[in-house]
Amino acid sequence: MGEPYYLTTAISYPNGRPHIGHAYEAIAADTIVRFQRSCGRDARLQTGTDEHGLKMAQKARDLGIPAKQLADEMSQHFIDMCAALNIEYDVFLRTSEPRHHRASQELWRRLKANGDLYLGRYEGWYSVRDEAFYEESELVAGEGGQKLSPQGTPVEWTVEESWFFRLSAYTDRLLTLYRDQPGFIRPDSRRNEIMRFVEGGLRDLSVSRTSFDWGIRVPGDDGEASAHVMYVWVDALTNYLTGLGWPDDPATFDRFWPADLHLIGKDIVRFHTVYWPALLMSAGLALPKAVFGHGFLLNRGQKESKSLGNVTDPLDLAAQFGVDPLRYFLLREVVFGADGSYSAEAIATRCNAELANSYGNLVQRTLSMIFKNCDGELAGFASCEADDRLLATVAEATREALPREFSALNFSAGIEAWMAAVFACNAYVDDQAPWALRKTDPARMRAVLYTLFMAIRDLTIAIAPVVPTAAQAVLDQIGIPHDQRGIADLARADWYMARVASGERLAAPVAAFPRIVFAGDAA
Ligand code: ME8
């Protein structure tokens, strides 16, 4: 078994159906774990739904149904989204599960035992939409002068008896963490933002509520029922531990904790890099190695909203363009960490140029020529000398550049290096014109096709984490066994020798990426 690698996404609020932002995060996370597995690691992905709190309670009340029913119905849409987008998670955690209640209460007991919880009275601004407390100084004025959170959501004045967590006591330890581990908060722009916030001084955090009961009960002394439920973020963050079986299953927990990466959006970096490490320090648990705050996806540059009428269902996009093209587009088009924009035209244009016309065409014409001109026989290649220069270009892109960039979560840069190698292969085909060599120099034609065949193997294995279904179909056509499809296996040629030895022929190829035709397509 390879080295463990534990990746988590945010757990989504199931107060509505999944939107493009949820799909984006899930696709990025799935690509990371597939890439880590391809490199030989024992990678584990956890995702799920964040089902408690006022936001869920209010939505359920508006719909006239119990909160649990809302959570049950909506979380199923998130599970369905993962299935539709080919997200290979290991755990889908719902915070309403009993095991999660147990874990959250255990965390609470530890904070209490450490002397970090005390009873007080909360008076301040709260945003239900963000499930967050804000300082007066953070608020901005909306149209008509009403107060809004920095995220632009409504806030209400809240006065309530509450448990407090001594966050202020962790200010120095948090600043030391950010200084000693510069990679803890990524990208750097988010790190600077958080450091400024913490340097400004931290107040103790209100961590329980008494005005509603849709949440996890605060454990009372001597087992008596408490009137408090936990602040939803305390319970939500604990999900990362619950999914590893904490506190009941030390074997899994010890293997995978601390997490290698919490992948989240930029709006919730504060919860993950200030509150979460402080809670873990108090509970005596190790801290995650890194938190990455990705950017927001915008629909033609605009935030999606019901009032603008521009809300896109990610599953409609997947149905229209295909799951693999959608995955490819999102990771290729947007610099990971920055905000990005998408539109149907942009998806079609990008995928047609790169997946259909470049990579797909390379595969299709190479395999067709092997099928037609060589009767699909690979045996004839055995004595061929490959063109080392082209293969060196491909190897550099697929064994070095793409893995290096993907390890650093620079998906667009990794794919760009890969694309440059695809272009080099297509230029090689045009230059060598193997179709013309059939009559004039059949031995040379075989050498050219053999070179391309090996290049396609590398290119396909490298890009498989991004476009898993299409890549697996190409690897099936080429005949690489399932257990030899990793980046770690790129140098192996034994599968090829085995194919030659068995005398198996290549079948007529099936297009990996047909051209996307869509209504707005002028071509
Ligand atoms: O924040 N583009 O849940 P959530 C990209 N329950 N990402 C986006 C986005 C967009 N337009 N909109 C949202 C929560 N996201 C909490 C998390 S974790 C312990 C609790 C991202 O359903 C957002 O940043 O509002 C977050 O990472 C994820 O989608 C879920 O958002």
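Predicted model: local features only at pLDDT ≥ 70, side-chain atom pairs only at ≥ 80, totals over all residues.
Local features were taken at pLDDT of at least 70 and side-chain atom pairs at pLDDT 80 or more, whereas totals for chains, interfaces and linings use all residues. Residues are numbered from 1 along each chain as its sequence is written, and side-chain values use heavy atoms, without hydrogens and water.

A nonpolar core is a set of buried Ala, Val, Leu, Ile, Met, Phe, Trp, Tyr and Cys residues joined through side-chain atoms within 4.5 Å; buried denotes under 20% relative accessible area, exposed over 50%, and partly exposed in between (1.4 Å probe, protein chains only). The largest core holds 97 residues, of which W418 and F453 touch the most other members. Its largest share, 14 residues, is supplied by helix α16 (residues 442-463); helices are DSSP runs of H or I with at least four residues, numbered from the N terminus. Another core, of 76 residues, lies apart from it and includes L167 and W276.

Aromatic pairs are rings of Phe, Tyr and Trp (its six-membered ring) with centres within 6.5 Å; planes under 30 degrees apart count as stacked, over 60 as edge-to-face and the rest as tilted. The structure contains 32 such pairs. One of them, W233 with F271, is stacked, at 3.9 Å centre to centre and 5 degrees between the planes. This pair links helix α7 (residues 232-242) with helix α9 (residues 269-283), the two residues being 38 residues apart. The rings of F453 and W495 are tilted, because their planes stand at 40 degrees, with centres 6.2 Å apart. Both F453 and W495 are buried.
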